[in-house]
Amino acid sequence: MSSRTFVVGVGMTKFEKIESRDWEYPDMVTEAVGTALADAGISYGQVQRAAVGYVFQPSTAGQRALYETGMTGIPIVNVNNNCATGSSALMMAREWVQAGIVDVALAVGFEKMTKKSLVGDGTMPAVTTLDEHLKVMTAAHEWGNGPMTAQLFGNAAVEHMDRYGTTAEQIAAVAVKNHRHSVNNPYAQFRDEYTLEQVLGDKMIHAPLTRSQCSPTSDGAGAAVVVSERFVREHGLEDQAIEIVAQALTTDTAESFAERSMIDVVGAPMTKAAAAQVFAESGLSIDDVDVIELHDCFAINEIITYEGLGLCEPGEGGKLVESGATTYGGTVVVNPSGGLISKGHPLGATGLAQCAELTWQLRGQAGARQVDGARVGLQHNLGLGGACVIALYRAGTISKSSTES
């Protein structure tokens, strides 16, 4: 049997405003995992390994998170890769299946966040995992009072505007689009539509980024069941199996800092490298992709990511979103879930939420936000520090009548 891998079950909680719901991280994980197992039609006893991702809990929180689902003695590996944590856990689970170590692996991501990440105190930390990034930023930009990540991406936006003529309106158009998409997503933290004027006039976080152009702090969890082709066939799961046809994880290289560019510092080279790897592995191109869930932690990053994925040439991302090419009726629908800006961003859960959305889209189960005829989906999950995970998903690649690969 081949080493192909399939997502056969997904689940996620609604992403919530922090401290708005009386729950702890094991509660949210139990909910998400229970939904994913039910979707796959299997029990926790059939899971052979689990990769559990989170950022703000202590070591072995993955074990504690799953205790209420079951204590079966399986290997549980804890994963922390900043905002790319969830997709890193998914990649680990897929690699176990791909290597033939197990037939059934569980990927989980969760986060219970605090208000601390909402504010900046105007001081630069003495030591941080982003030391190299901050050296580039503070050499060209004054240290501000906003959250560190907002400063990094806000200054990348300034550079994009200066270098390419991108406008504040074009950057804000990303938020307008994604908030509009979120209206149809019952899992989203925010489900309100905003006009361009409202986005531009919102509270400034770090110029040019206003509050509605920034992902909020959120609580929530997501999960996915990844299985082998053999397991799909033996359990009759062909109709719901979505293949992960390619996946890549990249980290920073010297290129990220060599040009002293804020666009590079916030991950553009990692995105470009990961995209090249998944397209080479799959034999597909960006033109084959119907739907994309990408890491719009700040509105400017969606524009930068368009360019890294090859949706447009460098500097053309602002014009692309302004043209309507990345929404319904355009060339490709980007962030039908509402993206991080609207759906929310519990750091460890984001990558699994992207996986869930793409699985639903490729199965035709996304309801009012369904992308017509979606067959190929792309996931992009970015963490500064740094890590970028890109995955390509494809529907209809396994059928009951097909022969063994």
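User: What does the model rest on, and how are residues numbered?
Analyst: This is a predicted model in which local features need pLDDT of at least 70, side-chain atom pairs count only at pLDDT 80 or more, and totals for chains, interfaces and linings use all residues. Residues are numbered from 1 along each chain as its sequence is written, and side-chain values use heavy atoms, without hydrogens and water.

User: Which residues touch the most other members of the largest nonpolar core?
Analyst: Leu152, Phe153, Val289, Ile292, Ile300, Leu378 and Leu392 do, in a core of 57 residues. A nonpolar core is a set of buried (under 20% relative accessible area, 1.4 Å probe, protein chains only) Ala, Val, Leu, Ile, Met, Phe, Trp, Tyr and Cys residues joined through side-chain atoms within 4.5 Å.

User: What does Ile292 touch?
Analyst: Leaving out residues up to four places away in sequence, Ile292 touches residues including Ile286, Leu309, Val333 and Leu378; contact means heavy atoms within 4.5 Å.

User: Which residues does the second core include?
Analyst: That separate core of 35 residues includes Phe6, Ala40, Ala65 and Phe231.

User: Turning to Arg94, is this residue buried or exposed?
Analyst: Arg94 is buried, at a relative accessible area of 5%. Arg94 belongs to helix H3, residues 85-98 (a DSSP run of H or I, at least four residues, numbered from the N terminus). Beyond neighbours within four places in sequence, the contacts of Arg94 include Thr5, Gln247 and Glu281.

Key:
Buried < 20%, exposed > 50% of the residue type's maximum accessible area, 1.4 Å probe, protein only. Helix = DSSP H or I, 4+ residues; strand = E, 2+ residues; numbered from the N terminus.
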